[in-house]
Amino acid sequence: DADADRPDEDPPLDPAAVTRLLHACAPRVARAVGDLREDVRVAACGAIKAACDAANERVELSRIVSPVAAEVFAPALLRVASREADPAASNAAFFALARCASACAEPSFLRRVCDAYARCRGSRARGAARRARAGDGDGSPPRNELLRRRALELVARALADWPSRVLTDENADCLACATTCVLDGLEDPSAGVRRAARACFEVYEAVWPRRAEALVFALRPHARQLVLGGSLAGDPDD
């Protein structure tokens, strides 16, 4: 029988074995994300995506993979995703980050993404205190448009996929961080980033309509016009 050698279903994964595997390999995989060899980078990103897929499929594994994705994988992926001069590596890292955003619901992951946006925005961002602690409030102009746009896309994914209690009941400061990132994105000098921020605001509005309504009244005229009418015309600093 040709089907005799094929099992009916995949064997169950042992959570304890997965934990040991991640603790042993996760730091090395994270380092490999930034390897100079493309095949190594691709394999590392593939390993991260496979771990996140397993976490999405099995609840017992999500509790194991989620903190590793936020604390070990995300910092390495964000560094590589910021490489504007290396689009292949940047794209692979971003796709792995998107998978991490769907697989984990860790406030630390969202904080890292919002911090990455704030650092790219320089002293213009609303999170001045956070950047000051990071030593990045030097008044430099905004940089790395690609990472700013992708950071907002990751924020939108987290707002859409994560349980709302993770961002409200348990971690109000995390929601405040995401809110600051979205509001600042609406006034970003790049039209592409503002477009991503508007899409992110639409997700925010769908999850927390009352909060979003209050934020609209607090926006400057240009940002309010973007949210309500979708207009990208004009200078956000005007």
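Analyst: Happy to! Let's begin with the helix α1, which gives the most to the lining of the largest pocket, with six residues. Keep in mind that this is a predicted model. Along with α1 (15-33), the elements that give two or more residues to that lining are α2 (38-57) and α3 (59-81). By class, the lining has 15 nonpolar residues, with no polar and no charged ones.

Next, have a look at Ser-90, which sits in helix α4 (residues 87-103). Ser-90 counts as buried because its relative accessible area is 0%, and the cut-off for buried is under 20%. The side chain of Ser-90 makes a polar contact with the side chain of Arg-150, at 2.9 Å. Leaving out residues up to four places away in sequence, Ser-90 touches Val-80, Ala-81, Arg-83, Leu-146 and Arg-150.

Finally, turn to helix α10 (residues 191-207). With 17 residues at 1.5 Å a residue, α10 should span 24 Å, and its end C-alpha atoms are 25 Å apart, which agrees. At the N-terminal end, Ser-190 caps α10: a side-chain oxygen of Ser-190 lies 3.3 Å from the backbone nitrogen of Gly-192. Gly-192 is itself buried, and other buried residues of α10 include Val-193, Arg-194, Cys-200, Phe-201 and Tyr-204.

How values were computed:
Residues are numbered from 1 along each chain as its sequence is written. This is a predicted model: local features need pLDDT of at least 70, side-chain atom pairs count only at pLDDT 80 or more; totals for chains, interfaces and linings use all residues. Side-chain values use heavy atoms; hydrogens and water are left out. Helices (H or I, at least four residues) and strands (E, at least two) are DSSP runs, numbered from the N terminus. Ala, Val, Leu, Ile, Met, Phe, Trp, Tyr, Cys and Pro count as nonpolar, Asp, Glu, Lys and Arg as charged, and the others, Gly among them, as polar. The expected span of a helix is 1.5 Å times one less than its number of residues. Buried means under 20% relative accessible area, exposed over 50%, partly exposed in between (1.4 Å probe, protein chains only). A polar contact is a pair of N or O atoms within 3.5 Å; within protein, one must be able to donate a hydrogen and the other to accept it, and residues adjacent in sequence count only if both atoms are side-chain atoms. Contact means heavy atoms within 4.5 Å.
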